[in-house]
Amino acid sequence: MSTVVFRNKTGGSETLHATPGQRLLDVLRLHGIPANAVLAHRDGEVIPESTAVVGTDDVIEVRQVRHYDLDVLRRPKEYVYAAPDPVYTKSVLFDHGGTLERRTEQFTAETFVMYVEETFVQSVAAGATMRAGDRVVIGLSGGRDSVAYLKLLERTRGRWPEVDMTAVTITGLPDWDEPATFRTALDACAGLGLDHVIVTADDVAELFKLREPFVDVMNKVVAGEHRNMNMVIGHQVLRRMLEQEAERRGAPVVAFGFNADDLVASMVTWFTTGYRMGGIPVRELGSLRYVFPLYRITKKELTLYLELVAPGLNRQGAPGRFTTGSDERSLAYAVADHLYDLWPGIDYYLFNAFENVQRTLLPLIDDLCRVCGGRYVLQEGVANPAGLCDVCGFLHRQEALRADAV
Ligand SMILES: [Zn+2]
């Protein structure tokens, strides 16, 4: 019989369920106790949780090292609004002047769809991501996220401000083509009365003044030591091509399909690097306004939504070689997802806090890239050559740009 006793700093002790052969770290994790919060002893000797394995007849004592109540997360005060056969539960941990309360609502398939649509409509109004009379360009990969976005627009039509939207599909990399769902995306555009424009690989090579076809440049990047740049380049290309289309159409607004956890992950990167970042869910840079209309909906919610309203469309292939991100990116997303588990609804607090922080920051300083024409934010401590964005600077060093480009 092995015993693991947890002694907390509020005077309580508790026997943790443990079986011989289990790692002590796993025992702690199952009980919601972070290793950093405790010191563990076996027979009076300190042991590291990560290597200790629970033995038969062991008596292990785990003591909390700081005086605070771990149970705010382990056993939160919770109110559950139950539903029969739920498909999803939405929890939000509320902080009422220092007192915490977790509210959880269970949704059936039907009420979940209503919840997502209501959240979308309300967040559009609250965040002013769509304003009456706006001329907007939206990126349409034809993939799952953009189909979900169009479905949302379609099904809530009449409940958001009248705007003039153009959908732009940027082609040029094999990973960007989504033949399985693209047709539906086009049908949804037609249903919504949206214009649809296709940007080609030649347009990309022209704007970025590439020496070779875009796909050849990217093939070299992913085959080389700077393969981690692939998503950075891909995103900049998508952004610039959207902006170019916006400029052509006299549309000052560009909409991106980032959802809540995309933005939480970018905040993780922001507060661990100190890089400057524009506002959420609306950011102004130069003469353009960037908006994120899906900022209140998580990727999981969007995925489930699509599965419920258009089950046949919910396919997404594995990422290809041009759309596989760096470890750094995965870390930001993993931390963001864990944060949601620890503090459900943390995005509400983060975005509001970030809005306050923005007000006290010095104004962003930006510059115009002389190659791609993109406006980019100058980062403190990062020596960018004047008038050259990260991506064009990188492509220039790789000799991927035409001789007359820089
Ligand atoms: Zn550039």
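The legends below describe close-up views of a predicted model.

**View 1. The domains of the protein chain.**
The domain assignment divides the protein chain into domain 1 (3-70), domain 2 (76-107) and domain 3 (121-361). Between the centres of domain 2 and domain 3, taken over C-alpha atoms, the separation is 29 Å. Where these two domains touch, domain 2 contributes 6 residues and domain 3 contributes 5 residues. On the side of domain 2 that touches domain 3, strand 7 (residues 88-96) supplies the largest share, namely 4 residues. Sorted by class, this side of domain 2 holds 4 nonpolar residues, 1 polar residue and 1 charged residue.

**View 2. Strand 3 and its two partners.**
Strand 3 (residues 38-42) runs antiparallel to strand 4, and 3 bridges join the two. Within this pairing, Arg42 has Glu45 of strand 4 as its bridge partner, while His41 stands opposite Val46 in strand 4. Strand 3 is also joined to strand 5 (residues 59-64) by 5 bridges, and this pair likewise runs antiparallel. Here Ala40 stands opposite Val62 in strand 5.

**View 3. The hairpin of strand 3 and strand 4.**
This hairpin has 2 residues between its strands. Asp43 is found in the loop between strand 3 and strand 4. Although Asp43 is not a glycine, its phi is positive, at about 50 degrees. Most residues other than glycine have a negative phi.

Strand 7 pairs with strand 8 (residues 99-107) in the antiparallel sense over 9 bridges. Within this pairing, Leu93 has Arg102 in strand 8 as its bridge partner. Strand 7 also takes part in the contact shown in View 1, where 4 residues on the side of domain 2 that touches domain 3 come from this strand.

**View 4. The packing of helix 4 against helix 5.**
Helix 4 (residues 144-155) packs against helix 5 (residues 179-192) at an angle of about 25 degrees, and their axes are 10 Å apart. Angles under 35 degrees count as roughly parallel, and helix 4 and helix 5 are therefore roughly parallel to each other. Their crossing is left-handed. From helix 4, the contact includes Arg144, Ser146, Val147, Leu150, Lys151, Leu153 and Glu154. These meet Thr181, Thr184, Ala185, Ala188, Cys189, Gly191 and Leu192 in helix 5. By class, the residues of this contact comprise 7 nonpolar, 4 polar and 3 charged.

**View 5. The crossing of helix 9 and helix 12.**
The axes of helix 9 (residues 260-273) and helix 12 (residues 346-360) cross at roughly 55 degrees and come within 10 Å. Helix 9 and helix 12 are therefore oblique to each other. The crossing of this pair is left-handed. Helix 9 takes part in the contact through Ala260, Val264 and Met267, and helix 12 through Asp347, Leu350 and Phe354. The contact of helix 9 with helix 12 comprises 5 nonpolar residues, no polar residues and 1 charged residue.

Ile280 and Pro281 are joined by a cis peptide bond, with omega about 0 degrees. Pro281 has its place in the loop between helix 9 and strand 13 (282-285). Most peptide bonds are trans.

Key. Residues numbered from 1 in each chain as written. Predicted model: local features only at pLDDT ≥ 70, side-chain atom pairs only at ≥ 80, totals over all residues. Pairing = 2+ DSSP bridges. Axes fitted to C-alpha atoms, helices over the stretch in contact; angles between N-to-C directions. Parallel < 35°, antiparallel > 145°, perpendicular 65-115°, else oblique. Left-handed = near helix turned anticlockwise from the far one by under 90°. Contact = placed C-beta atoms within 7 Å. Nonpolar A, V, L, I, M, F, W, Y, C, P; charged D, E, K, R; others polar. Domains from an automatic or database assignment.
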